[in-house]
Amino acid sequence: MRKFSNTYIFAYITALVLLITVVLTVAFSALKPRRDRNRQAEMYQQILRAAGHDIDREKAVVAFPQLAVPLTDDGRQYSIVCADGSKGIALRLDGKGLWGPIWGYAVLSEDGQTLKGISLDHKSETPGLGAKITQEAFLKSFEGKKLYDKKGDFVSVRVLKSGTSSEIAEENRVDAISGATITSRGVDEMMREITPIVKNVPLQPDNKE
């Protein structure tokens, strides 16, 4: 049986690691345009779904330029999107669930007072519990909720346990998901990050029909 010196083994392993690194780097670079397209398509789909357009990812790429206009104001990125025949302000949401990141988009009315719709997604929340944030029943509960209370103070739309005694009015809250306290809290924290600045977001240029 042939024996190899330690130097040979070390050189062989080093060369093998370098080869694998080069192959993986080339593959990563080659696939980057596809990954970027997929991320963009997912973003378009989530924004349009939050605005009430139930559309698959491929069609969202074609429909988005006709229904939404991406804009930036003071470094904050958002989109003006057609929602229920009128304009809406689509804002990105980012937060933390039980097992990883959660994210989505909220579409607000032109005056920033009312939530028109929301889309949410996650990386690794528990099926049947935290993963319910993507289900229609939970998402629908946000529609039409108010971001300001009757005094005119900004409170956002809170995600609170059903039956919880709170000063938050019904029009400013939705029920948390039973058995998914941490994930629901993550959504609640995301919603509270929608600041009153949305009232002053410029709504130009006009949306295309």
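Which pattern does the protein chain follow when read along the sequence? In this predicted model, the pattern is α-α-β-β-β-β-β-α-β-β-α.

**Figure 1. Overall view of the protein chain, with 4 helices and 7 strands.** The C-alpha trace of the chain spans about 85 × 45 × 30 Å along its principal axes. The radius of gyration of the protein chain is 23 Å, whereas a compact globule of 209 residues would have a value near 17 Å.

**Figure 2. The open sheet of 5 strands.** The strands lie in the order β1-β2-β3-β4-β5, and their pairing is antiparallel. At the edges of the sheet are β1 (residues 68-73) and β5, each of which pairs on one side only. From one strand to the next, the twist averages 25 degrees.

**Figure 3. Close-up of the pairing between β4 and β5.** Strand β4 comprises residues 101-109 and runs antiparallel to β5. The two strands are joined by 7 bridges. Within this pairing, Val107 stands opposite Gly117, a residue of β5.

**Figure 4. The largest pocket, which holds about 540 Å³ of space.** Its lining is made up of 23 residues, and those closest to the centre of the pocket are Arg49, Ala50, Ile118, Ser119 and Leu139. Two or more residues of the lining come from each of the elements α1 (6-50), β5 (115-122) and α3 (136-140). Strand β5 gives the most, with 6 residues.

**Figure 5. The lining of the largest pocket by residue class.** How many residues of the lining are nonpolar, how many polar and how many charged? The lining has 10 charged, 7 polar and 6 nonpolar residues. Empty space of this kind is found by a simple idea: a probe the size of a water molecule, rolled over the atoms, shows where space is left.

Terms used
Residues numbered from 1 in each chain as written. Predicted model: local features only at pLDDT ≥ 70, side-chain atom pairs only at ≥ 80, totals over all residues. Heavy atoms only, no water. 1 Å grid on protein atoms, 1.4 Å probe; cavity = no way out; pocket = protein on both sides within 12 Å on 5 of 7 lines; lining within 4 Å. Points joined across faces, edges and corners; volume = space filled by probe spheres on them. Nonpolar A, V, L, I, M, F, W, Y, C, P; charged D, E, K, R; others polar. Pairing = 2+ DSSP bridges. Axes fitted to C-alpha atoms, helices over the stretch in contact; angles between N-to-C directions. Rg over C-alpha atoms; globule rule 2.2 N^0.38 Å.
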